[in-house]
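Q: I'm new to reading protein structures. Could you walk me through this one, feature by feature?

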Amino acid sequence: MTYHPIDKLCVVIPMKSPQRAKQRLANRLSDSGREKLALSLFDNTLAFFQQHFPMLDVLVVSESLDVLNLAQSYQTNTLFDDGAKGLNGALDFACDWVTKSGYDSQLIVPSDIAVLDPEEINLLIHAAQKAQVVIAVAKDGGTNALLTSPPDAIDFEYGKNSAAAHKHHARSKQLICRSVHFTNLALDIDHSEDLEAAVLRQPERFKNWCSCFSSAVKEHHYA
Ligand SMILES: Nc1nc2c(ncn2[C@@H]2O[C@H](COP(=O)(O)OP(=O)(O)OP(=O)(O)O)[C@@H](O)[C@H]2O)c(=O)[nH]1
Ligand SMILES: O=C(O)[C@H](O)COP(=O)(O)O
């Protein structure tokens, strides 16, 4: 098995405009609730990398100037993408920036992971020493982290069952690919059940969105 050292790594965080985020929660949260949830998860992601991985450069790609301003307050690099080509288009644009800026590797982390765990990120980076593509699989078969060396090792195909699609791309290019299943990294917040799972892990942090929870969860945690 080839040893593939990680030298210069850039973390890429895509974030759509909060106004159009968390659509799958539209039947459970008000518009301002969805916006606040998206921004709170994004802010938590920025704070996490600043606190636990200050040695890593971060790039935020978004069509929202408010999002890019918030990112700059955490001293990240920022890239405006108009969002016309969706998540994959924004990531192609970001990947181009990362490659041209001389990074050897890229770690894409969406801005809606409920609980980020430094140990899991360290394991992911460690796995990339022996694989050009490392995929942290989401609870629904999506891709919740994607570490590629070089950054443009594979095409991005985020969407339904993207973990399998990314694995397929890596295999078809004869790249070494590792899929990992981490408890925290698997939980991005898409549906109300995901918020319920998040509250079991961090009740205080997620209590503001309890209007979204089933009454059983509310009674159990906030009686
Ligand atoms: N820059 C950018 N980021 C995006 C775009 N679409 C999605 N994202 C980000 O990609 C990650 C995964 O997004 P999704 O789960 O598809 O979208 P979401 O807003 O979290 O939820 P839904 O609206 O319910 O799909 C989140 O960090 C989003 O903010 C886009 O068009 N541009
Ligand atoms: O992981 C993906 O491919 C996209 O982010 C969509 O997946 P999701 O349904 O888990 O958000």
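Predicted model: local features only at pLDDT ≥ 70, side-chain atom pairs only at ≥ 80, totals over all residues.

Q: How do I read the overall size of the protein chain, and what box do its C-alpha atoms fill?

A: Look along the principal axes: the C-alpha atoms fill a box of roughly 55 × 35 × 30 Å.

Q: And what does the radius of gyration tell me about the protein chain?

A: You hold it against the value for a compact globule. With 223 residues, such a globule would have a radius of gyration near 17 Å, and the protein chain has 17 Å, so the two agree.

Q: Now the ligand. Where does ligand 2 sit?

A: Ligand 2 is in the largest pocket.

Q: Which residues surround ligand 2?

A: A residue counts as a neighbour if one of its heavy atoms lies within 4 Å. Here the surrounding residues are Arg 24, Asp 140, Gly 142, Thr 143, Tyr 158, Gly 159, Ser 162, Asp 188 and Asp 190. Sorted by class, that shell has four charged, four polar and one nonpolar residue.

Q: How do I spot polar contacts, and which residues have polar atoms by an oxygen atom of ligand 2?

A: Look for pairs of N or O atoms within 3.5 Å. An N or O atom in the Arg 24 side chain is 2.9 Å from a ligand 2 oxygen. Thr 143 uses a polar backbone atom, at 2.8 Å from an oxygen of ligand 2. With Asp 190 it's a polar side-chain atom again, 3.2 Å from a ligand 2 oxygen.

Q: How much of ligand 2 does the protein bury?

A: Taken alone, ligand 2 exposes 300 Å², and the protein buries 82% of that.

Note on methods: Residues numbered from 1 in each chain as written. Chains lettered and ligands numbered in written order. Heavy atoms only, no water. Polar contact = N/O pair within 3.5 Å; in protein donor to acceptor, adjacent residues only side chain to side chain. Areas by Shrake-Rupley, 256 points an atom, 1.4 Å probe, with all protein chains shown as cover. 1 Å grid on protein atoms, 1.4 Å probe; cavity = no way out; pocket = protein on both sides within 12 Å on 5 of 7 lines; lining within 4 Å. Sits in = over half its atoms within 2 Å of the grid points. Nonpolar A, V, L, I, M, F, W, Y, C, P; charged D, E, K, R; others polar. Rg over C-alpha atoms; globule rule 2.2 N^0.38 Å.
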